[in-house]
Amino acid sequence: MFGAIPLLIVPFVLYNLGLLGIFGGGDDPWATEMFSVRMMSGGVFSMTLGDLMVLIGLIFFFVEMVKATRTTNASIMDHLLSTFVFVAFLVEFLLVKGAAHSVFFTLTVIALIDVLAGFSVSMRSASRDINMN
């Protein structure tokens, strides 16, 4: 049953916890620098909390794409719940002031692509499972 839970709910919850101030205060908690590394080229690579949120979203998106290749009854529920997660992202983006941020918009687009690609992959793999006698 846990396989049907869409993993993109994790970045959604983490973002909302960030809006509540769990990751630090300030006007823009997503601009907080997590770490920086001096590169051999002389440049400095730095990662902000917002970059980390997008990276987490992309990792979970990859796992969702792997899950979409399953052809079980749970995959239908997974796609339905993924659609609900995208709708939650979209509604929050449109109605919550703190969600009007490029990080949240990027996570919303990742959720949209998850829904579209999940249905596409499932339909494609289901058509290959049909046997004609």
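How many salt bridges does the structure hold? The structure holds two salt bridges, a salt bridge being a side-chain nitrogen of Lys or Arg within 4 Å of a carboxyl oxygen of Asp or Glu. This is a predicted model, in which local features need pLDDT of at least 70, side-chain atom pairs count only at pLDDT 80 or more, and totals for chains, interfaces and linings use all residues. Residues are numbered from 1 along each chain as its sequence is written, and side-chain values use heavy atoms, with hydrogens and water left out.

**Overall layout**

- The protein chain has four helices and two strands, taken as DSSP runs numbered from the N terminus (helices H or I, at least four residues; strands E, at least two).
- Read from the N terminus, the order of elements is α-β-β-α-α-α.
- Of the 133 residues in the protein chain, 32% are buried; buried means under 20% relative accessible area, exposed over 50%, and partly exposed in between (1.4 Å probe, protein chains only).
- The protein chain has an accessible surface of about 8400 Å², and carbon and sulfur atoms account for 72% of this; the areas come from the Shrake-Rupley method with a 1.4 Å probe, and for residues only the protein chains shown count as cover.
- Among contacts in the protein chain with a separation of 6 or more, 63% are between residues 24 or more positions apart, where contact means heavy atoms within 4.5 Å.

**Salt bridges**

- Glu64 and Lys67 form a salt bridge through their side chains, at 3.1 Å from N to O.
- Glu64 and Lys67 are three residues apart in helix α2 (residues 49–68), and therefore separated by about one helical turn.
- Lys67 also forms a salt bridge with Asp78, at 3.7 Å from N to O.
- This second pair links distant parts of the chain, with Lys67 in helix α2 and Asp78 in helix α3 (residues 73–95), eleven residues apart.
- Through shared partners, the salt bridges join Glu64, Lys67 and Asp78 into one network.
- Glu64 is buried at a relative accessible area of 1%, Lys67 is buried at 13%, and Asp78 is buried as well.

**Aromatic pairs**

- Seven aromatic pairs are found in the whole structure; rings of Phe, Tyr and Trp (its six-membered ring) pair if their centres lie within 6.5 Å, and planes under 30 degrees apart count as stacked, over 60 as edge-to-face and the rest as tilted.
- Tyr15 and Trp30 are stacked, because their ring centres are 4.5 Å apart and their planes are at 15°.
- Tyr15 belongs to helix α1 (residues 9–19) and Trp30 to the loop between α1 and β1 (33–38), 15 residues apart.
- Tyr15 also pairs with Phe104 in a tilted arrangement, at 4.7 Å centre to centre with 50° between the planes.
- Phe104 lies in helix α4 (residues 102–129) and Tyr15 in helix α1, so the pair ties together parts that are 89 residues apart in sequence.
- Tyr15 has a relative accessible area of 0%, and for Phe104 the value is 0%.
- One aromatic cluster is formed by Phe12, Tyr15, Trp30, Phe89 and Phe104.

**Nonpolar core**

- The largest nonpolar core has 20 residues, of which Tyr15, Trp30, Met53, Phe89, Val103, Phe104 and Leu107 touch the most other members; such a core is a set of buried Ala, Val, Leu, Ile, Met, Phe, Trp, Tyr and Cys residues joined through side-chain atoms within 4.5 Å.
- Two or more residues of this core come from each of α1, α2, α3 and α4, and α4 gives the most, with seven residues.
- Apart from neighbours within four places in sequence, Leu107 contacts Pro11, Tyr15, Met53, Val54, Gly57 and Phe89.
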